[in-house]
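Q: Hey, I've just opened this one and could use a quick tour. Can we look at it together?
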Amino acid sequence: SHRQKKSTSPALQTKSLEKIKTILKYVEEHYADHITIDDMAAITFYSKSHFMKFFKLHMGTGFIEYLNDYRLTIAGQKLKNSSDSVLTIAEECGFEHLSYFNRLFKRKYGTTPGKYRSGLH
């Protein structure tokens, strides 16, 4: 029957919501680790491409963008609340390269991590 086009049943929506919760919780608990699309596909039991589509559909942003934004939010808090070096904070927030961290940080906050910390922005 052609009625089964795209009826999202409540059960299906609940299932999607559960998957999103699982993903977001995973990010919260593992943002300091190296997280790949492969990892996320594995925990959601989706293919990589389906996972990426699924996440974007429900969250309105790509997974890597979301992950980096989450990490940068934590990094901003750490910069304000600890005296750890920028490099240490970048590493604690899952960034492997300081240059990449600095670039993304500046894009989000409009200033460098050092200036952000000292309130010079």
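Q: Let's start with Ser16. Which residues does Ser16 touch, not counting residues up to four places away in sequence?
A: With those neighbours left out, Ser16 touches Phe54 and His58. Keep in mind that this is a predicted model.

Q: Okay, and where is the place of Ser16?
A: Ser16 sits in helix H1, which covers residues 10-30.

Q: Is Ser16 buried or exposed?
A: Buried. Ser16 has a relative accessible area of 13%, and the cut-off for buried is under 20%, so Ser16 falls on the buried side.

Q: Zooming out, how many helices and strands are there in the protein?
A: Seven helices and zero strands. Reading from the N terminus, the elements go α-α-α-α-α-α-α.

Q: What about the overall dimensions, what box do the C-alpha atoms fill?
A: Roughly 65 × 25 × 20 Å, taken along the principal axes. The radius of gyration is 18 Å, whereas a compact globule of 121 residues would be near 14 Å.

Q: How many of the residues count as buried, in percent?
A: Of the 121 residues, 31% count as buried. The accessible surface comes to about 8,000 Å², and 55% of that belongs to carbon and sulfur atoms.

Q: And which share of the contacts with a separation of 6 or more comes from residues 24 or more positions apart?
A: That share is 56%.

Q: Switching to aromatics: how many aromatic pairs does the structure hold?
A: It holds 13 aromatic pairs. One of them is Phe51 with Phe63, an edge-to-face pair at 5.3 Å centre to centre, with 70° between the planes.

Q: What does the pair of Phe51 and Phe63 tie together?
A: Parts that are 12 residues apart in sequence, because Phe51 lies in helix H3 (residues 48-59) and Phe63 in helix H4 (residues 63-81). Phe51 is buried at 0% relative accessibility, and Phe63 is buried too, with a relative accessible area of 3%.

Q: Where is Phe45 found?
A: Phe45 is in the loop between helix H2 (37-44) and H3. Phe45 is exposed, with a relative accessible area of 74%, which is over the 50% cut-off.

Q: Now charges. How many positive and negative side chains does the protein have?
A: There are 19 positive and 12 negative side chains. The centres of the two sets lie 11 Å apart.

Q: Last one: how many residues apart are His30 and Gly114 in sequence?
A: They are 84 residues apart in sequence, and 25 Å apart in space from C-alpha to C-alpha. His30 is in helix H1 and is partly exposed, with a relative accessible area of 25%.

Conventions:
Residues are numbered from 1 along each chain as its sequence is written. This is a predicted model: local features need pLDDT of at least 70, side-chain atom pairs count only at pLDDT 80 or more; totals for chains, interfaces and linings use all residues. Side-chain values use heavy atoms; hydrogens and water are left out. Helices (H or I, at least four residues) and strands (E, at least two) are DSSP runs, numbered from the N terminus. Buried means under 20% relative accessible area, exposed over 50%, partly exposed in between (1.4 Å probe, protein chains only). Contact means heavy atoms within 4.5 Å. The radius of gyration is taken over C-alpha atoms; the globule rule is 2.2 Å times the number of residues to the power 0.38. Accessible areas come from the Shrake-Rupley method with a 1.4 Å probe; for residues, only the protein chains shown count as cover. Lys and Arg count as positive and Asp and Glu as negative; His and the chain ends are not counted. The place of a charge is taken as NZ of Lys, CZ of Arg, CG of Asp or CD of Glu. Rings of Phe, Tyr and Trp (its six-membered ring) pair if their centres lie within 6.5 Å; planes under 30 degrees apart count as stacked, over 60 as edge-to-face and the rest as tilted.
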